[in-house]
Structure formats: structure tokens, C-alpha cells
Amino acid sequence: MGYADAGRRRAQRAPREPSGHQLRLFLALAEELHFGRAARRMLLTQPALSQQIRALEDRLGVDLLQRSSRRVELTPAGHALVPEARALLMALDHLQGVAATVARVARGHLRLGAIGGEAAMPYTIAILSELATRHPGVTVEIRTVDFVEQIDLLTGGGIDAAFLRPPLPPFLRSLHLAAEPRIACLPANDPLVNQAPLTLADLADHLVVDVPPEAPREWWDHWTINPRPDGTPVRFGPQVGNIEAMLLAVARGQGITFLPAAARHLYPRPGIAYVDVTDLPMSTAALAWLPHRRDYPALTALLQAARSVLARSS
């Protein structure tokens, strides 16, 4: 049976109300346009996600996606449903939040961003574990964000909070989580690798991998030490949008970059080497959110869990 036949069959049925879970899965798939990535993001198997999406289409009586062996696209009905699904889920979250306030138990759904390997850092794992213990009614969805999305998704409402690496825009609120040294990431065949530890002056002639112009410039200037302590501007190389593309550019000899010391364990890659630089400033990690969201019960529960973890570790 083809999709047209399936669509006609659905149109003959009386639509039923979709579940909130199905709508969340649909929105994740609408953003990713890839069943595998959406399934991983929502902590499901790909067949389970596909089954839920088909069930949603059956309930609504329309085809939401055009599937092929190579790509996934939204149908006109799918495009129309996206803003309506977001609005409905926000209303459901608000309703759950009000009920939770009355019951003094936090409930709701948290959409969290994490740049680079922040989702795998010990403080992130500890905070989410504390949240699950204190408030089992709060569900969590974690999304890896790139250099541009880290701020855009927060301001656009695509995520509720994010585990990021400062500096951050002043309009965000943040909670300091940890600090660690910064290191340089060089091509493995660079002669300076064997001369470590280095100084910033040793790296003065090296191109530095750049980020897209839509990414926060102040943030990237901080990470690249631009200008250098002697006032010399950094010479930038190719632009990349995320950590993996950045590491590939370094491995290909197109530039160097600077990363938190945890990168040694998070991103071991052929063709690159991590080197200590004695005069690099420390790197800090933070949990960031928009101030107007602080009264959302699920976000309040997350911040309480974070503060509890930090108090125990201090």
C-alpha cells in the first residue's frame, strides 16, 4: 500500500487526540529530519520512533512526513502541525507546572542543550542524576548544540537551559559549575608538539580555526585569546560550525584551536595532538538559562539539583 492509499485510509477515519509523547517525538523528528538522530535524541530505538510517528499520523488522519530511502521531509500538513504542537506542549507543560506547584512536586519536560562534550562531564551527569532522584516527574531531553545554536536556541525557546562554556551574553543567567585548564589542539605532525609545554608566543604564527559569523564573536575571541597579550590580532583560518568539524580542520593542518583539558579524554582523534600552554587562561563551565524562565517548575527543579550537587562538592 502506498502513501497516497494510506493517506486516503486515514482520511476516512475519525481523528483521535494525539498524546503529548507522540507530539514531542514528532517535533524532534521535524527538527532533525532524520529518524536515527531523532531516535537517539529521544532515547528510543529507530523502529519504536517510526511506530509512534505512524500512530500519530493515524490518530490525526493525515500524513505528516514524506519518507524515502535517502531523506525525510515534512508534508504541508506536517509543516502546519509544528507550531500548533509546540503551542500545545507549552500549554501542557504550564498545566503540569501549575499542578506540580500545588502538589509541591516538580513535573514537566526539560529540553536541555549541551555544547561539545558537556553532556558527558561529571558535573552534568551528577546534576541530572540528582534531578531524577528529587523529581522523577521531570523528563529530560538533551540536545547537542553547535557554536551558533548554543545561544539562538535559548533565546528562541527551543531549549529551556544549556550546559555551556562561558563567556555568555549578559542577558542570560548562569550558574558556575567547574573550572579547568585550557589546552591547544595542534596537527599531530606539527613540530611544536614535541616542544611542549608551549606559550602563546610559540603559537603566534599559527592560523586558528574560526567559527561562523552568526556565533557570538566575543565568546570566540575569548577562546582564541584575540588579540594576544601583546596586542597582536589572531589570524583566522577556515570556519567550522561544531567540535567535530573543528577537530577535522586541525587534523588536516588547516589551523589550530584551544579546548578545555577534558578534550584529551572526550575527543581522542587520529591526526591531532593536545598540548599544554602555560599562559592560557582557565576554562569555566556553566548552566545557563533565560531569566524569564526561572519560574518554570521543571527548570527551578534543575537549578535546585545543580546547587545541591555544587554544595556537596565544595
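Predicted model: local features only at pLDDT ≥ 70, side-chain atom pairs only at ≥ 80, totals over all residues.
Student: Which residues form the nonpolar patch on the surface?

Tutor: The nonpolar patch on the surface is formed by Leu88, Leu92 and Leu95, which together have about 260 Å² of accessible area.

Student: And where does Leu95 sit, and is it buried or exposed?

Tutor: Leu95 lies in helix α5, which covers residues 76-103, and Leu95 counts as exposed because its relative accessible area is 57%, where the cut-off for exposed is over 50%.

Student: Changing topic, what span should helix α11 have, and how far apart are its end C-alpha atoms?

Tutor: Helix α11 runs over residues 297-313, and at 1.5 Å a residue its 17 residues should span 24 Å; the end C-alpha atoms are 25 Å apart, which agrees with that expectation.

Student: Now the open sheet: what is the order of its strands?

Tutor: The open sheet has 3 strands in the order β10-β7-β11, with antiparallel pairing, and the twist averages 40° from one strand to the next.

Student: Why is one side of β10 and of β11 left without a neighbour in the sheet?

Tutor: Strands β10 (257-260) and β11 (272-276) stand at the edges and have a single partner strand each, so one side of each lacks a neighbour in the sheet.

Student: Over how many bridges do β7 and β11 pair, and which residue stands opposite Ile272?

Tutor: Strand β7, residues 182-187, pairs with β11 in the antiparallel sense over 5 bridges, and Pro187 is the residue opposite Ile272 of β11.

Key. Residues numbered from 1 in each chain as written. Heavy atoms only, no water. Patch = residues over 30% accessible without salt bridge, like charges linked within 9 Å, V, L, I, M, F, W, Y side chains within 5 Å. Areas by Shrake-Rupley, 256 points an atom, 1.4 Å probe, with all protein chains shown as cover. Salt bridge = Lys/Arg side-chain N within 4 Å of Asp/Glu carboxyl O. Helix = DSSP H or I, 4+ residues; strand = E, 2+ residues; numbered from the N terminus. Buried < 20%, exposed > 50% of the residue type's maximum accessible area, 1.4 Å probe, protein only. Expected span 1.5 Å × (residues − 1). Pairing = 2+ DSSP bridges. Axes fitted to C-alpha atoms, helices over the stretch in contact; angles between N-to-C directions.
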